[in-house]
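How many salt bridges does the structure hold?

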Amino acid sequence: MSVTEPTASMLGTFNLRDTTDLATFKADFDALCTHLVDVGMLLSWRLLERAYHDGFDAAFPETHLVIEMRFRDHETAQKTWDHFASHKPPISALHGAVTRQVKDAHFALCHEVS
């Protein structure tokens, strides 16, 4: 990928709890990400289902879903983390709706190599 400015991505892999379904999670995740776009913190997001393959899955966590949240840069990713940590409305309700549906989560912040 070629971009004109540096980007950072938060990657996550996880499973959904037995008490939820993919459509409900997706609606709540989209609402969370739309809020982050609206306040200028997020560039884009994706929700992916794993396509299991013996060759590609070596040592990967036993999880079904993967997300990517793209930020302009590391500073914006940090501001987003601080926004979550504030526990203020509406982010507290939006983030809570998503996290209550997730288990077995692994997350990492990555920077694009230029």
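## Salt bridges

The structure holds 3 salt bridges. A salt bridge here is a side-chain nitrogen of Lys or Arg within 4 Å of a carboxyl oxygen of Asp or Glu. This is a predicted model, where local features need pLDDT of at least 70, side-chain atom pairs count only at pLDDT 80 or more, and totals for chains, interfaces and linings use all residues. Residues are numbered from 1 along each chain as its sequence is written, and side-chain values use heavy atoms, with hydrogens and water left out.

| Pair | N to O distance |
|---|---|
| Lys-26 and Asp-30 | 2.8 Å |
| Glu-68 and Arg-46 | 3.0 Å |
| Glu-75 and Lys-79 | 3.4 Å |

Start with Glu-68 and Arg-46, which form a salt bridge. This pair links distant parts of the chain, 22 residues apart. Glu-68 sits in strand β3 (residues 65–71), and Arg-46 in strand β2 (residues 44–49). Strands are DSSP runs (E, at least two residues) and helices likewise (H or I, at least four), numbered from the N terminus. Glu-68 is buried, at 13% relative accessible area. Arg-46 is partly exposed, at 46%. Buried means under 20% relative accessible area, exposed over 50%, and partly exposed in between (1.4 Å probe, protein chains only).

Next come the helix pairs. Lys-26 and Asp-30 lie 4 residues apart in helix α1 (residues 22–38), so about one helical turn separates them. Lys-26 is partly exposed, with 39% relative accessibility. Glu-75 and Lys-79 are both in helix α2 (residues 74–85), 4 residues apart, about one turn of the helix. Lys-79 is partly exposed, at 47% relative accessibility.
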